[in-house]
Amino acid sequence: MDETARHATITLDGRVMNLPVLSGTIGPDVVDIRRLAADAGVLAFDPGYGETAACRSAITYIDGEQGILLHRGYPIEQLALQASFPEVAYLLLYGELPTEAEYAAFRHDISEHSLLHEQIRNFFNGFRRDAHPMAILCGTVGALSAFYHEAIDISNEASRDLSARRLIAKLPTLAAWAYKYTIGEPYVYPSEERTYAGNFLAMMFTQPNKRYVVNPVLARALDRILVLHADHEQNASTSTVRLAGSTGANPFACISAGIAALWGPAHGGANEAVLGMLAKIGTKDKIPEFIAQVKRRGSGVRLMGFGHRVYKNFDPRAKILQATYHEVMAELGLARDPLLDLAVELERIAIEDEYFVSRKLYPNVDFYSGLILKALGIPTSMFTVLFAVARTAGWISQWREMIGEDGQRIGRPRQLYIGAPPRDFIPLAERV
Ligand code: CMC
């Protein structure tokens with residue numbers, strides 16, 4: 001990160017201050033306000049941090065206008081079509097694509113660590129059968145800290161690395177077991193003979209009395225969803241992981257905090273909302289009525305899975321998943337599920353409709369990921385759980401990057417105080 005020759009100048013109460021301008025490799029320059037409070041006695045006000053670069057990072061780059069998403073410089077389109085999820089996880093963690101030998105060693109490690117300590121089974125029994133799997137995931141990931149004491153020593157690079165691999169390895173097992181627990185079926189153990197995504201499908205759907213064979217087209221589709229959700233810069237859950245991690249908290253606790261942040265409907269819940277919307281529409285003949293309602297000003301009804309806060313022309317992830325969605329539907333036989341059939345028709349109508357076209361509202365990643373997960377037989381309550389499995393790779397990479405930085409400090413936002421000015425305490429008997 002270089003300081004440019006440029007400065008931003010602010011004048012406050014007649015005093016002029018030059019604030020350095022810093023440049024990254026690509027993307028907007030930033031004004032360095034770190035000395036603002038000390039030199040000028042004022043703070044910057046930016047609720048939601050929309051205008052604030054809270055860290056330096058070399059992991060992910062997004063250009064919303066151009067629809068660009070890069071991980072370590074590689075375009076998401078190339079990664080999604082050519083790399084597997086563990087390869088992308090390695091890239092996020094270590095900055096470079098693995099060589100064949102590095103990849104084999106990483107895969108071996110992930111497979112070794114995919115087992116859970118048998119005592120962890122007891123944790124599941126403590127939950128109600130109807131618990132939401134995200135609640136179970138938050139609890140059990142946090143509980144991992146109790147099993148790996150060396151993870152507490154975050155100053156040791158080898159133990160940070162081990163924790164990162166453990167988390168990436170164990171998340172699918174915890175996620176699948178959370179589901180098995182809620183439906184009352186026996187847990188299925190991971191196997192080194194399956195791929196990362198294949199393992200997850202097998203742990204979700206194997207029943208002791210039936211043979212389950214992983215369908216490679218479906219496993220590839222799931223792997224692609226995982227790649228497309230692996231990281232997305234400094235979003236709410238990633239910032240949560242960084243903030244928790246900045247205190248020196250152990251990585252299992254930090255990822256558990258990230259899972260809690262992801263659970264909110266404004267963050268990880270949109271693909272679940274797509275399915276809710278389709279169920280509400282019900283049948284194809286109701287689509288025009290629903291679209292009219294969406295367009296009616298003040299109705300408060302939105303076409304879920306359309307539009308994006310950052311990507312204004314297209315969501316690069318949605319383009320890839322659109323193709324994957326059609327692959328999955330071809331593999332399974334298109335109109336098998338009336339809800340998916342309804343989705344195809346809704347998408348066709350919406351992308352031609354002037355209302356959506358003029359507002360640049362295109363299907364986003366959640367429209368297709370929801371449909372694909374539904375086609376794979378994954379229940380809606382597990383959608384955000386799968387997002388968490390994928391994002392663990394990004395979270396732990398961001399955490400690792402932050403802890404490894406020289407001069408890393410605790411995160412401590414400030415505030416604009418709007419409460420009462422100083423006043424004297426009034427004894428209870430004298431209050432009116
Ligand atoms: N359906 C109908 N109209 C919409 C929609 C939609 N999904 N999204 C935006 N609009 C309209 C909005 O009413 C406004 O119209 P007008 O100019 O007439 O007032 C115009 O488009 C601009 O909307 P906006 O609210 O300024 O757009 P935004 O950038 O603030 O909102 C969004 C982005 C994602 C919150 C919104 O598009 C939305 O609510 N989409 C549906 C929910 C969804 O699918 N969320 C998942 C996003 S992907 C998550 C991820 O990256 O992980």
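Strands (E, at least two residues) and helices (H or I, at least four residues) are taken as DSSP runs numbered from the N terminus, and two strands are paired if DSSP finds at least two bridges between them. The model is predicted, with local features requiring pLDDT of at least 70 and side-chain atom pairs pLDDT 80 or more, whereas totals for chains, interfaces and linings use all residues. Residues are numbered from 1 along each chain as its sequence is written, and side-chain values rest on heavy atoms, without hydrogens and water.

Three strands make up an open antiparallel sheet in the order β4-β5-β6. Its edge strands, β4 and β6, each pair on one side only. Strand β4 (residues 60-63) is joined to β5 (residues 68-71) by four bridges in the antiparallel sense, and I62 stands opposite L69 of β5. Four residues lie between the strands of this hairpin, in which G67 adopts a positive phi near 70°. Two bridges connect β5 to β6 (residues 74-75), also antiparallel, with P75 of β6 as the bridge partner of L70. In the hairpin of β5 and β6, two residues separate the strands and R72 has a positive phi near 50°.

The UniProt annotation "active site", from an unreviewed entry, covers H308 and D366; UniProt positions follow the numbering used here, feature names are shortened, and annotations may be inferred rather than shown by experiment. The two residues are spread over 59 residues of sequence but cluster in space, with a largest C-alpha distance of 10.1 Å.

H308 is located in the loop between α13 (287-295) and α14 (316-332). H308 has a relative accessibility of 23% and is therefore partly exposed (buried is under 20% relative accessible area, exposed over 50%, partly exposed in between; 1.4 Å probe, protein chains only). Apart from neighbours within four places in sequence, H308 is in contact (heavy atoms within 4.5 Å) with H232, D315 and R317. The H308 side chain also reaches the backbone nitrogen of V310 at 2.9 Å. D366 belongs to helix α17 (residues 365-375) and, at 11% relative accessibility, is buried. Residues up to four places away in sequence aside, D366 touches H229, A270, N271 and V274.

The structure contains zero disulfides (pairs of cysteine sulfur atoms within 2.5 Å). The sulfur of C138 is 13 Å from the closest cysteine sulfur, that of C254, and therefore too far away for a bond. C138 is buried at 15% relative accessible area, and C254 is buried at 0%.

Note on methods:
Polar contact = N/O pair within 3.5 Å; in protein donor to acceptor, adjacent residues only side chain to side chain.
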